[in-house]
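Reader: I would like to learn how to read a model like this one. Please take me through it feature by feature.

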Amino acid sequence: MATVRELNKWANAHTTIFTDIVRIALGAFLIFKGYQFVTQKNYLHEIFSYFSNFGS
């Protein structure tokens, strides 16, 4: 547990606005790509039909 506290202290001391902006941008991009993936039903159906032969 002490290691986790030390790592948390280090992470809090070494954070910058640049890394926060990069993390926010990456999160927004991943949410956008996830939404785009789910809304493309033809592509999603094609992927699931490929795995239907595996018995899952």
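Author: Start with one residue. At 54% relative accessibility, Y50 counts as exposed. The cut-offs are these: buried means under 20% relative accessible area, exposed over 50%, and partly exposed in between, with a 1.4 Å probe and protein chains only. Y50 lies in helix α3, residues 41-51. Before we go on, note that this is a predicted model, where local features need pLDDT of at least 70, side-chain atom pairs count only at pLDDT 80 or more, and totals for chains, interfaces and linings use all residues. Residues are numbered from 1 along each chain as its sequence is written, and side-chain values use heavy atoms, with hydrogens and water left out.

Reader: How many helices and strands are there in the protein?

Author: Helices (H or I, at least four residues) and strands (E, at least two) are DSSP runs, numbered from the N terminus. Here there are three helices and zero strands. The order from the N terminus is α-α-α.

Reader: Does α1 lie in the open or is it buried, and what should its residues span?

Author: The expected span of a helix is 1.5 Å times one less than its number of residues. The twelve residues of α1 should span 16 Å, and its end C-alpha atoms are 17 Å apart, which agrees. The number buried among those twelve is zero, so α1 lies largely in the open. A13 is found in α1, residues 2-13. A13 is exposed, with a relative accessible area of 60%.

Reader: Which rings form the aromatic pair?

Author: A pair of aromatic rings is described by the distance of the centres and the angle of the planes. Rings of Phe, Tyr and Trp (its six-membered ring) pair if their centres lie within 6.5 Å; planes under 30 degrees apart count as stacked, over 60 as edge-to-face and the rest as tilted. The structure holds one such pair. The rings of F37 and Y43 have centres 6.1 Å apart and planes at 85°, so the pair is edge-to-face. F37 is partly exposed at 35% relative accessible area. Y43 is partly exposed too, at 43%.
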